[in-house]
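These notebook entries record what I looked up in the structure, one place at a time.

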Amino acid sequence: MRASRVSEMLDSLVTATYFQDDRFSSADRSGSAGYLPKEFIPQFSDSVYASRIAALASKSRFNLVYNDHVKGFIRLYAVDKRKMVSKVLGLTHIYFPLFDEVFRQYDIPPEMKYLAIVESALNPTAVSRAGARGLWQFMSGTGRMYGLQSSSFIEDRYDPTKATVAACQHLRDLYDMFGDWFLVLAAYNAGAGNVQRAIRRAGGAHDYWEIWPYLPQETRGYVPAFIAVTYVMNYYREHNIRPAQPGYLYSETAMVPVKQALTFEQLNETLGVSMDDLKFLNPQYKAGLIPAPASSPNMIRLPKQYVQLFLQKEQQIYAYKPEMVEEKERLYAMVQENDRQDVVFSSGRGQKTHVVGKRETLASVARKYGCSVSQIIDWNNLKSAKLRPGQRLVVFKVVNERFSRNASATKLKGKKGRLKSKASNAAGKSKVLKKSKSGKKAGKKSGTKKKRK
C-alpha cells in the first residue's frame with residue numbers, strides 16, 4: 001500500500017502542468033561529468049547498501065538501518081521511478097534551501113526534508129486520495145490546527161513557506177510527545193493515537209521496529225520509504241541518476257508584500273510575468289487572487305528579475321484594470337461569509353463541555369460527538385494538536401434551529417458547491433469584465449478566438 005502511494009505521488013509529476021518535461025533541462029548545472037550512459041542502471045549488493053546507510057547513520061539523528069523493507073523502496077526510487085526521481089532531485093534546489101532555513105529555527109534534523117519527497121514528491125499541489133494536500137500533505141483539520149487557511153480561493157497547504165512552518169511545529173509537537181524521530185515519522189503518517197496504541201500492544205516499547213507489527217499497514221512502509229529516500233538523495237550519482245534542472249531555483253525568486261487586492265492577470269499584463277510561473281511560484285492563490293490584507297500584507301513570490309519593477313510600478317499595478325479584481329473579491333467575500341455560516345450551522349444548539357480524559361485525542365473526541373476535528377479546533381481556537389487530561393473543550397451536537405441536520409447540511413453543501421464553481425471560473429469571468437464601453441471591438445476579438453477553437 002505504501003509503495004503504491006509513493007508511486008502515485010511520483011507519477012503525479014507527469015500530469016502536473018509545470019512539471020512536464022519541457023519545464024526541465026536534461027541535466028543539472030554541474031553538467032554530466034562523472035555519469036555513465038543514461039540507459040545504464042547500476043545494481044549493488046546488500047552489503048554495499050548496508051555500509052552506505054551505516055555511513056549516513058553515523059552523521060544522523062535518525063537510527064538509519066538497512067533491511068528488506070528498505071531495499072524494496074530503494075529499488076522503487078533508484079530503478080522503477082528513476083526518471084521521476086531525476087525531476088525530484090532538480091526540485092530540491094527550489095525547496096530544500098527553504099526547508100533548511102525553517103528547520104534550523106525549530107531544531108528539526110536536516111534529514112527530515114526528505115519526508116516531503118515521501119509525502120508529495122515535492123509537488124506543492126499534490127493531493128492524496130484521502131484529501132491531504134501540499135508538500136507536507138496536511139489534512140484540513142491538522143492544517144487548521146497550525147494556522148493553515150483552506151477555502152476555494154486560498155489554500156495555505158499549497159503555500160511552501162506556511163506549510164513548512166506548520167510541518168515543523170507539528171513535528172516538534174510529536175517529538176515532545178514521543179522523544180524519538182522514527183516514532184515522530186510514524187505518528188505523522190498514522191496519527192499519534194495509532195502510535196500510542198502500537199506502543200501499548202508492544203508492551204511499552206518505544207522503538208519503531210518493535211512496534212512495527214502493530215502499526216497500520218501503510219505506516220509499516222513509511223519509515224523504510226524515508227530511509228530509502230535519504231539513501232537515494234545522497235547516492236544518486238552512484239545510481240547514475242542525473243538531476244533534471246527546473247525552470248527556477250529558490251535563489252532566483254523573492255517574496256514581495258502585497259498591500260492591496262491583486263490578481264495574477266494584473267501582474268501578467270503589467271510586468272510580463274507568465275501566468276504559469278505565477279501559478280507555480282504561488283500555488284496557494286487557487287483563483288489567482290491575492291486578497292486585500294486584513295492586517296499585515298499578503299506575500300507573493302516572483303522571479304527576481306521582476307521584483308524591482310514591481311516595487312517601482314506597485315501603485316500603477318493596483319490601479320490597472322480594477323475590474324479584474326472586483327468580481328474575484330466579491331466571490332472571495334461570499335466564500336468567507338459561507339465559511340462563517342458553516343460554523344453557525346454546526347453549532348446552533350446542544351452546547352456541551354467535554355473534559356479531556358487520559359489518552360484522548362482530538363479524533364476520539366470528534367467521534368464521540370459526531371463532529372469533525374476541524375470543528376473542535378474552530379470552536380476552541382486550538383493552537384496545538386495535544387490535549388491535556390482535564391482540559392475543557394466546548395463541543396456542539398450538530399443541530400440547527402431552523403433545519404434538520406440533513407437538510408441544513410444539504411443546503412450548505414449545495415451553496416459551497418456553487419461558490420467553488422464560481423471561484424474556479426473567476427479567471428474566465430475577469431476576462432469578460434475587460435470589455436470596454438465600445439463593446440463591439442472586444443466582442444469581435446472574442447468571436448475570433450472562438451472560431452479558432
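**Gln137**

I first located Gln137, which sits in the loop between α5 (115-120) and α6 (140-145); helices here are DSSP runs of H or I with at least four residues, strands are runs of E with at least two, and both are numbered from the N terminus. The model is a predicted one, in which local features need pLDDT of at least 70, side-chain atom pairs count only at pLDDT 80 or more, and totals for chains, interfaces and linings use all residues. Residues are numbered from 1 along each chain as its sequence is written, and side-chain values use heavy atoms, with hydrogens and water left out.

Is Gln137 buried or exposed? I found a relative accessibility of 7%, so Gln137 counts as buried; the term buried means under 20% relative accessible area, exposed means over 50%, and partly exposed lies in between, with a 1.4 Å probe and protein chains only.

I then looked for a polar partner of its side chain, taking a polar contact as a pair of N or O atoms within 3.5 Å; within protein, one atom must be able to donate a hydrogen and the other to accept it, and residues adjacent in sequence count only if both atoms are side-chain atoms. The side chain of Gln137 reaches the backbone oxygen of Gly134 at 3.0 Å. For contacts in general I used heavy atoms within 4.5 Å. Setting aside residues up to four places away in sequence, Gln137 touches Arg5, Met9, Glu119, Ser120, Ala126, Val127, Ser128 and Ala132.

**His170 and helix α7**

His170 lies in helix α7. Which residues does His170 contact, leaving aside its neighbours within four places in sequence? I listed Phe138, Thr142, Tyr146 and Tyr188. I also noted that His170 and Met145, 25 residues apart in sequence, are 9.2 Å apart from C-alpha to C-alpha.

Next I took the pairing of helix α7 (residues 160-178) with helix α9 (residues 192-201), whose axes come within 12 Å and cross at roughly 20 degrees. Axes are lines fitted to C-alpha atoms, for helices over the stretch in contact, and angles run from 0 to 180 degrees between N-to-C directions. The angle therefore makes α7 roughly parallel to α9; angles under 35 degrees count as roughly parallel, over 145 as roughly antiparallel, 65 to 115 as roughly perpendicular and the rest as oblique. The crossing of α7 and α9 is right-handed; a crossing has that hand if the near helix is turned clockwise from the far one by less than a right angle, and is left-handed if anticlockwise. Leu174, Met177 and Phe178 of α7 make the contact with Ala192, Val195, Gln196 and Ile199 of α9.

**Helix α13**

I found α13 mostly covered, with six of its eight residues buried. These are Phe264, Glu265, Gln266, Leu267, Thr270 and Leu271. Gly272 follows α13 and has a positive phi, near 90 degrees.

How do helix α13 (residues 264-271) and helix α15 (residues 304-319) pack? Their axes are 10 Å apart, at an angle of about 115 degrees. The two helices, α13 and α15, are therefore roughly perpendicular to each other, and their crossing is right-handed. On the α13 side I recorded Gln266, Leu267, Thr270 and Leu271, which meet Tyr306, Leu309, Phe310, Lys313, Ile317 and Tyr318 in α15.

**Asp277**

Asp277 is in helix α14 (residues 275-281). With 10% relative accessibility, Asp277 counts as buried. Not counting residues up to four places away in sequence, Asp277 touches Tyr18, Arg23 and Tyr248.

**Leu331**

Leu331 belongs to helix α16 (residues 323-346) and is buried, with a relative accessible area of 1%. I noted a separation of 9.6 Å between the C-alpha atoms of Leu331 and Ser152, which are 179 residues apart along the chain.

**Nonpolar cores**

For a nonpolar core I took a set of buried Ala, Val, Leu, Ile, Met, Phe, Trp, Tyr and Cys residues joined through side-chain atoms within 4.5 Å. The largest has 105 residues, of which Phe99, Leu122, Trp136 and Ile376 touch the most other members. Helix α4 (residues 82-106) supplies the largest share of this core, 12 residues. A second, separate core has 27 residues, including Phe264, Leu278, Tyr285 and Val325.

**Whole protein**
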